[in-house]
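Here are my notes for a colleague who is opening this entry without having seen it before. Please keep the sequence and the structure at hand while reading the numbered points.

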Amino acid sequence: MPDYKEEDMGEKLSAPFDFDGPISKRRFTDVLCTLLLWIMWISMTGLGIYAMQNGDYRLILHPLDYDGNLCGTDKGSIDMTEYPYLYYVNDYSGGVCVKKCPTVENLTDPYTLVTYDGLFSVNGSFVTSDDIAIADYSTNNDTLTCTEDLCYPNNDPEQSFTSDGVNRGTGFAYYALDTYEVMWRCVFRDEATDKLDAIVNPSGDNFTEDVVDMATQNEHIREGYNFWNNLFGDLWVCRYFILALGFGAPLVVGFCYAFMLRVPGVLPIMVWLSIFATVGIVFAGAWFTGETAKQWEAADPQTFTDDEIKAATYASYALYAVGGLLVLLFLFMRKRIQLAMGCVKETSKAITKMPLIIMFPVLQGLGFCLFMIAWTVYAVYLASMGEFSTYTFQAGTIQVSIRTFEFSDFVKKCGWYMLFCFFWSGQFILALGEIIFSMAIAKWYFARDKSTVGSRTVLSSITTSMWYHTGTAAFGALIIAIIKMIRSFLAYLQKKAEEMNSGIAKAVLCCCQCCFYCLEKCLRFINKNAYIQTAIFGTGFCTSAKEAFFLILRNAARVASITYVSGGVVFVGKVFITTLTTGVSYYAIDHYVREELYSIIGPLVFIAVIAWFIAGMFMAVYDMGIATILQCFVADEEMFNDDQMYAEGSLKSWVDSYGSK
């Protein structure tokens, strides 16, 4: 009778005829997906050209006044070329274009109003049109004009604040205040709004945060403005240290880390310490929870309920049980953990033998940047294809209008398509990189003579993967892109549910979001292993995914152990590279340019972020290398006898000690 358990696990791998490492005679895989990818890029380019012909990027970059004119351009009914800045007049973002952001003596002039129709002054004013040069809106038939009764009754600042014209910051006029410029917007200084508040609204009645905020005008923006100014200055002073240490040092430290893992005793100590630490933390948590429950119960009078004490006690028991299970699990998996450490050591050897493989993520990054340049240009022009609409609101006894920018259904649908293009292209670049990494590592593993393997192996893997297997990368990337689009649409629905304050809808959508998040993680894992199968055997995505799935199923314990060990090694590596790089940078900057800096923290944080990013790229290659070594070893084990296997070093010692499956 057939062994259904064996059948459920799939057939073991068999070596193709004359197999001597990743096959050399390959065929094009998943050609249809390659064609679909090119169709997507061509259609995206066509959409971008259409948007460039019908849109105007200035609508996105330049501020829009209340009349629908773009400040600093000739776009609109009035030529605003000489008036590039926007001065806010109400908290609906309605404003007027001015020549420059005004600097007002004594921070504010409460007797001068900036209105839709220019400056309006009463007795006591000192700001003139030379101080605040406003564009001429007299040609606009709908422009509202201030009068003393409408905007400044009885020459009284307090009555002016509640008048129909000012209307507590929601009318068509507002006071002259000292400002500074941020992205062509004139932002009120916090000191100016405080002083104005004391004059026009000393009691604080009916004064809202919107009046002093006006979308961006608050203390946080001012502090942020100063912060970025100081930070950019410090980064400029440290620019050479950032280039040399931020970008160069992590690579050097990364190779040192890879070499350290090859030193006898280092990797086992690291792995077993992490295992003991994990178990120790669980047992420590159990003890602490139990002791806390005892203290709560012994307290007189008790400050916690009996149910809370029972919950803490049961939690302690549960943690002890989890700790015990972890001990049994690690004892059961000790051979697999030894195998995992062998894979890590062999990966270190492969990476140090092919140093060029570490630089490939840089090429990936450059490719993604080139795509993002085109995509961003298309997206900006597409976003500028909106339509103007008029929004009218009541300010006392009068109606005030502003022009807003809205998107048509066509533009919204095109926006969703552009988002899909972004997801698919980004995932394709990552997927193609994983195939290239896997092929290079697999060629190293299956080489009888390792001296023949070097950086040229990486170059041949790049050409082979890009020529034969772009379709496979596109297939796997398409699956992830579709899942990401579903999650993005769910996020959009979640936002709508939040606006509607629908508790049931928010709960259901949150559950759906979690499910698709887990599905994406599972598919990413399967895709990664499918790419390794493609790199070794040259098969298409579906065949590779099937073989990878059953291979994982047949070696579940090994995969679990390698995931744990590689996860720890990767995390420790990222922390080690980032910490050492930041420490060296601190010493160098403190020694040479400390006196020229506002603060050393900004450049150090910037270097740490760069180092963490580069360490992530380095260790991502490491992680993919470990997974590839494991699959190569399993394929080696299933296809050949012990004396015919390609395994060397730590993996060969493991086979000699425990035998192949």
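In which loop does asparagine 167 lie?

1. Asparagine 167 lies in the loop between helix H5 (157-161) and strand E5 (173-177), where helices (H or I, at least four residues) and strands (E, at least two) are DSSP runs, numbered from the N terminus. The phi of asparagine 167 is near 50°, a positive value in a residue other than glycine. Arginine 168, in the loop between H5 and E5, also has a positive phi, of about 60°, although it is not a glycine. Asparagine 167 counts as buried because its relative accessibility is 14%, whereas arginine 168, at 27%, counts as partly exposed; buried means under 20% relative accessible area, exposed over 50%, and partly exposed in between (1.4 Å probe, protein chains only).

2. A word on the basis of these notes: this is a predicted model, in which local features need pLDDT of at least 70 and side-chain atom pairs count only at pLDDT 80 or more, while totals for chains, interfaces and linings use all residues. Residues are numbered from 1 along each chain as its sequence is written, and side-chain values use heavy atoms, with hydrogens and water left out.

3. For the chain as a whole, there are 21 helices and 9 strands, and 46% of the 661 residues count as buried. Among contacts (heavy atoms within 4.5 Å) between residues at least 6 apart in sequence, 72% join residues at least 24 apart.

4. Isoleucine 577, in helix H19 (residues 556-592), is buried, with a relative accessible area of 0%. Leaving aside neighbours within four places in sequence, isoleucine 577 is in contact with several residues, including Pro250, Val253, Gly254, Ala611 and Phe618. The C-alpha atoms of isoleucine 577 and glycine 254 are separated by 6.1 Å, although the two residues are 323 apart along the chain.

5. A search of the whole structure finds 10 salt bridges, a salt bridge being a side-chain nitrogen of Lys or Arg within 4 Å of a carboxyl oxygen of Asp or Glu. One of them joins the side chains of arginine 58 and aspartate 56 (2.7 Å, N to O). Aspartate 56 is found in the loop between helix H2 (31-54) and helix H3 (58-61) and counts as buried at 12% relative accessibility, while arginine 58, at 22%, counts as partly exposed. Not counting residues up to four places away in sequence, aspartate 56 touches Lys75, Tyr381 and Ser384.

6. Arginine 487 forms a salt bridge with glutamate 520, the closest N and O atoms being 2.8 Å apart. This pair links distant parts of the chain, with arginine 487 in helix H16 (residues 470-500) and glutamate 520 in helix H17 (residues 503-537), 33 residues apart. Glutamate 520 is buried, with a relative accessible area of 5%, whereas arginine 487 counts as partly exposed at 22%. A network of salt bridges links Lys484, Arg487, Glu520 and Arg524.

7. Within helix H10, glutamate 291 and lysine 294 are separated by about one helical turn because they are 3 residues apart, and their side chains meet in a salt bridge (3.8 Å, N to O). Lysine 294 is exposed, with a relative accessible area of 54%, while glutamate 291, at 28%, counts as partly exposed.
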